[in-house]
Amino acid sequence: MTIARPIDVRCARDRLIDLLEIGETTPIRDVNVQEAQLTVDVGAPCEIDIDPAQAGVRYELFDGDTAVAPACSVDGTGETAVLKGPIIDKEDKTFRIHARKLDPLTRATFLLQTATVKVGLATGLPVSTPEIPQVPRLVDHGSRVVVSISDSQAGATYGLIDGAGRPIPMTPPERVSGNKDGSITLTASRLTEDTVIRVDVQRTFDASEGREPLNAVLTTELPIAVRADRDLVVSAVGSPVLPQGSATITIAGSQPGVLYSAHVRALSTVDFVPGAGPTQRAIAVPGTSGVEVYTPRPPALWQAPAGSVQHGDAMPGNGGVLELGVGPLEDDSIVVVQARKIHTEAGAPLESAVQLEQAVVVLVRPESVPALELALSASADGTRGTLLVSGGQPGVFYHFYPSNEASELGLPAYFHRLDERDPSLNKGIAATEPEGSDQVPRRGLRVEMDLVITRDPPAPAGGDPARVRPLDPLVDIAPLPVGDAVDVMAIKARTGIGWLVKRSVAITSVTDGGSSSELGSAPEPPATEP
């Protein structure tokens, strides 16, 4: 049975042999080699203990088969020697120890044990958002954000956290490992609030190494400003069809820290005409017979719609249902909501505003008590007549009935309405755009000889008779109503929305048509849909 002799005894034996010159010895290969630090900070030198280091032997550090440059060596004295190594950058290093006898004998060999130096965590790595180069960084609600890390460390894993140290969900969800090439990317899957993105780096070791896991946070901070959520449910309280007055708009899931304001624009005829192309969208109005409003899709950033007016003050979100009052509304209107946000964590003063995707259409019934006047002129035989209707609301049909009967007296009376947003929809004599206008010409009648056909127009007082207000409708009726009243039903031409019930109007039948009477001011019935 062979018993290994202590290393110091073997060292003494070799010294004796060298002195007596009875043979040549080589450095003892199985001396103990131990890295003095289990883990070395990035940019710090390493130190390796050799115990014992033979007297007369020089120990030099090798990286593989090549000596480390600049050279790192130490001469043994028979005691423990400390071999100071090079600065460790970002990768683990396993060094070999080359042992060489000093003069006169020059035999050399590598020690059996190697020295593995584990590098710590580098926290000063370059971090950027390549898809968002501008600062401050402003993104839409729910956006993904790609974070790039240069010079990542092999053996370390990286993840995203916010300024409070909470993990930020990533796509894919797994942590990303560093590599020898250095460059890696991490993707925050969906940002919904202003966030300061930071990078968390971790490293674990095999249990046999006896090293504690390492964890650090890179020094770079990336403030991200997130615009308000555009995809909230916006609706009108109760029916979207109401008499003239105020309405209430609700916003579900309103965000704290966001200011919401209602902007109202009266609808024009062109809004009810089906649009073409992907920029148009249809808003179906519930509670109606298929009424749809076509409007452009919201812009990427807030732009107040032309002709819109803000109703009421901006209200802060409360995390739940927020109510905004709009009104008074005198005509069919579309309500859009601005969501404005002041960002405090963007690294610089910053404000953003968007329009919520969902808009609300509110339809208003015809004027409840219009200044409607009727003048009835009978024919010579008294079987027919004409009804001159004055003071009606533009864009409204007025239907006339004998009192408490269902049969209609002639055709309805319609009061012409000009479309301010799209003059091409206006009809009439000389209804063309002025010279030099970039608008589409109006589809109207124009006679080059300046012929104007009209029915006893009022004196234009020096103006163009083709430009005066359209005459009041004159309706042929038969048979003539019996008594001093007719029933009237008002219905809007664009929507088919009318009064809930007919109204009674007192008239006087005279041959000269000179008498008239106003619509009775009976109270409005309860606002329930027919």
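Is Cys72 buried or exposed? With a relative accessibility of 9%, Cys72 counts as buried, because buried means under 20% relative accessible area, exposed means over 50%, and partly exposed lies in between, for a 1.4 Å probe and protein chains only. The model is predicted, so local features need pLDDT of at least 70 and side-chain atom pairs count only at pLDDT 80 or more, while totals for chains, interfaces and linings use all residues. Residues are numbered from 1 along each chain as its sequence is written, and side-chain values use heavy atoms, with hydrogens and water left out.

The cysteines come next. A disulfide is a covalent bond between the sulfur atoms of two cysteines. The cut-off used here is a pair of cysteine sulfur atoms within 2.5 Å. A search of the whole structure finds zero disulfides. Cys46 is in no disulfide, and the nearest cysteine sulfur, that of Cys72, is 7.3 Å away. Cys46 is buried, with a relative accessible area of 1%. Cys72 is likewise in no disulfide, its nearest cysteine sulfur being that of Cys46.

Salt bridges are taken as a side-chain nitrogen of Lys or Arg within 4 Å of a carboxyl oxygen of Asp or Glu. The whole structure holds 21 salt bridges. One of them joins Lys341 and Glu193, whose closest N and O atoms are 3.5 Å apart. Lys341 lies in strand β28 (residues 333-343) and Glu193 in the loop between β16 (184-191) and β17 (195-203), so this pair ties together parts that are 148 residues apart in sequence. Strands such as these are DSSP runs of E with at least two residues, helices are runs of H or I with at least four, and both are numbered from the N terminus. Lys341 is buried, with a relative accessible area of 4%, whereas Glu193 is partly exposed at 36%.

Lys341 also forms a salt bridge with Asp194, and here the closest N and O atoms are 3.6 Å apart. Asp194 lies in the loop between β16 and β17 and Lys341 in strand β28, so the pair ties together parts that are 147 residues apart in sequence. Both Asp194 and Lys341 are buried.

Another salt bridge is formed by the side chains of Arg144 and Glu131, at 3.3 Å from N to O. Arg144 lies in strand β13 (residues 143-149) and Glu131 in the loop between β11 (127-128) and β12 (137-139), so the two tie together parts that are 13 residues apart in sequence. Arg144 is partly exposed, with a relative accessibility of 49%, and Glu131 is partly exposed at 47%. Elsewhere, Asp331, Asp332, Arg417, Lys492 and Arg494 are linked in a network of salt bridges.

Now to the aromatic rings. A pair of aromatic rings is described by the distance of the centres and the angle of the planes. Rings of Phe, Tyr and Trp (its six-membered ring) pair if their centres lie within 6.5 Å; planes under 30 degrees apart count as stacked, over 60 as edge-to-face and the rest as tilted. By this rule the count is three aromatic pairs. Among them is the tilted pair of Phe397 and Tyr414, with 4.6 Å centre to centre and 35° between the planes. This pair links distant parts of the chain, with Phe397 in strand β33 (residues 396-402) and Tyr414 in strand β34 (residues 413-414), 17 residues apart. Phe397 is partly exposed, with a relative accessible area of 29%, and Tyr414 is partly exposed at 32%.

Tyr398 and Phe415 form an edge-to-face pair, 5.7 Å centre to centre with 90° between the planes. Tyr398 is in strand β33 and Phe415 in the loop between β34 and β35 (474-477), 17 residues apart. Both Tyr398 and Phe415 are buried.

Some rings have a charge over them, meaning that NZ of Lys or CZ of Arg is within 6 Å of the ring centre and within 35 degrees of the ring normal. The charged end of Arg96 sits over the ring of Phe110, 3.8 Å from its centre. That of Arg503 sits over the ring of Trp499, 4.6 Å from its centre. Val369 is in the loop between β30 (360-364) and β31 (373-378), and is partly exposed at 49% relative accessible area.
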